[in-house]
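Reader: Please take me through the model below. I will ask about single residues, pairs and the overall fold.

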Amino acid sequence: MIIIYNLVLISLALILLPLILIAFVIQPKFRAGFFQKIGFYSFDKKNGKNVVFHAVSVGETNAIKEIVKRYHKIHPDENIIITTTTKTGQAVAQTEFKDIASKIVYFPYDFLFSVNSFFNTFKPEKIVIAETEIWPSFDITAKKKNIKLYTINGRISPHSYNGYKKIKLFLTPILNCYEKIFMQSQSDAQRMIDIGAKREKVEVMGNLKFDIEQNLTDDEMEKYADELKTKSYRVLIAASTHKGEDEIILKAYKSLKEKYQDAKLLIAPRHPQRFDEVMHLIRAASLKCSKRSANANFNDFDVIMLDTMGELAKLYSLCYIAFIGGSFSSTGGHNPLEASIWGKPVISGPIVFNFKDVYNTACNKKCAVIVNTPEELTSELISFYDNELKHKTFCTNAKLIFDENKGAINYVLNRI
């Protein structure tokens, strides 16, 4: 099966080669880490066992920060290798793990030659993969080499579940290469079993995202507030916006600004390649704007675009309320808890299947609101700015959900 799978992969790569080459030229993110991904790895062999932690992109990398750091404290003699798939994930990993990781590299393409090169270079004892990543060549090779393979913080969206069910016969032997599969919720666990995993291998761990902690000291918060001049203003953060959402948030902000002169907007597009496009939209909306990288502050501008890496999770500490993007697009939403940890109310659009259980908890506890239309978004924003008691209640509730739901990290560390 695995040989046929690889022949199909190679054939597809050859057929699509012209398109791949064009994509490499047009989009630098596609060629990021290419040589590592095809198997050109290097590693200065060190004493001690090697363990790999894999996170696809920024969200997964942030999700595993605490578990990696705690694992390192428990096992200081083991060598930690961090892998990511995307360029942005790699950038965050280089920042977050530079002091504890023995190596930070890109995850290999799922060709047998790439995968074998990875294993021969790093010789890991165990591999911990964040969320649900299924790579047949990688997983089966790990099993053959007696390497313990784990999924942590796993989830399966309804859309993915329907697709996986169609190839259950193919997935079953791959999923059973895993030592354990730790899923976020009971529904995720049942879906994993339904697509072929053995019941005894699947456990519910909860969600790592509830185990995050505030990552700024009071002095650091004061520094950010002084740089951005936020103390006299109520800042709306529009986080991880996707194409089509910037127009929605800009229209809502203009309505908000008409009623509340102290309202300011910090907008953070999800993908760096959209920075110029979003800046054009802001200017077209006749809003006074600049960029964070230009050291802009809210005394001088109504809108600042966050075009720096690694600051969003920290800047939530300064906002009055946060809109989380990817929720008016087919993306399925992004993590609201990075704002909630600071005791900030969250508003999202209706499409949040990536974080369905998190949003269910947050909405039930009245620290987040899901709106169905751009008009409802505007109305909800105005109600928070207009109703101080509502805002304070949501802030208080946001802090409480972490006390009630944390514990996933300790659970996983004890099991692996």
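**Contacts, salt bridges and fold**

Author: Ser117 touches Gly39, Phe40 and Tyr41, leaving aside residues up to four places away in sequence. The model is a predicted one.

Reader: Is Ser117 buried or exposed?

Author: Ser117 sits in helix 8, which covers residues 112–122. A residue is called buried under 20% relative accessible area. The relative accessible area of Ser117 is 18%, so Ser117 is buried.

Reader: Which residue forms a salt bridge with Glu227?

Author: Glu227 belongs to helix 13 (residues 218–228), and its partner lies in the loop between strand 10 (289–291) and strand 11 (303–305), 65 residues apart from it. The closest N and O atoms of the pair are 2.9 Å apart, and a salt bridge requires a distance within 4 Å. The partner of Glu227 is Arg292.

Reader: Which residues are linked with Glu227 and Arg292 in a network of salt bridges?

Author: The protein has a count of 25 salt bridges. Glu227 and Arg292 form one of them. The network that contains this pair also takes in Lys223 and Glu311.

Reader: How many residues apart in sequence are Asp262 and Arg234?

Author: The side chains of Asp262 and Arg234 meet in a salt bridge, at 2.8 Å from N to O. Asp262 is in the loop between helix 14 (245–259) and strand 9 (263–269), while Arg234 is in strand 8 (residues 234–241), so the pair ties together parts of the chain whose separation in sequence is 28 residues.

Reader: Where is Glu404, the residue that forms a salt bridge with Lys365?

Author: The closest N and O atoms of Lys365 and Glu404 are 3.2 Å apart. Lys365, partly exposed at 37% relative accessibility, lies in the loop between helix 18 (356–364) and strand 14 (368–370).

Reader: What is the phi of Asn153?

Author: Most residues other than glycine have a negative phi. Asn153 lies in strand 5 (residues 148–154) and is buried at 1% relative accessibility. Its phi is positive, near 60°.

Reader: Is Asn295 buried or exposed?

Author: Asn295 is not a glycine, yet its phi is positive, about 60°. Asn295 lies in the loop between strand 10 and strand 11. Its relative accessibility is 62%, so Asn295 counts as exposed.

Reader: What is the radius of gyration of the protein?

Author: The protein has 21 helices and 14 strands. For 416 residues the globule rule gives 22 Å, and the model is close to that, so the protein is as compact as a globular protein of that length. The radius of gyration is 22 Å.

How values were computed: Residues are numbered from 1 along each chain as its sequence is written. This is a predicted model: local features need pLDDT of at least 70, side-chain atom pairs count only at pLDDT 80 or more; totals for chains, interfaces and linings use all residues. Side-chain values use heavy atoms; hydrogens and water are left out. Helices (H or I, at least four residues) and strands (E, at least two) are DSSP runs, numbered from the N terminus. The radius of gyration is taken over C-alpha atoms; the globule rule is 2.2 Å times the number of residues to the power 0.38. Buried means under 20% relative accessible area, exposed over 50%, partly exposed in between (1.4 Å probe, protein chains only). Contact means heavy atoms within 4.5 Å.
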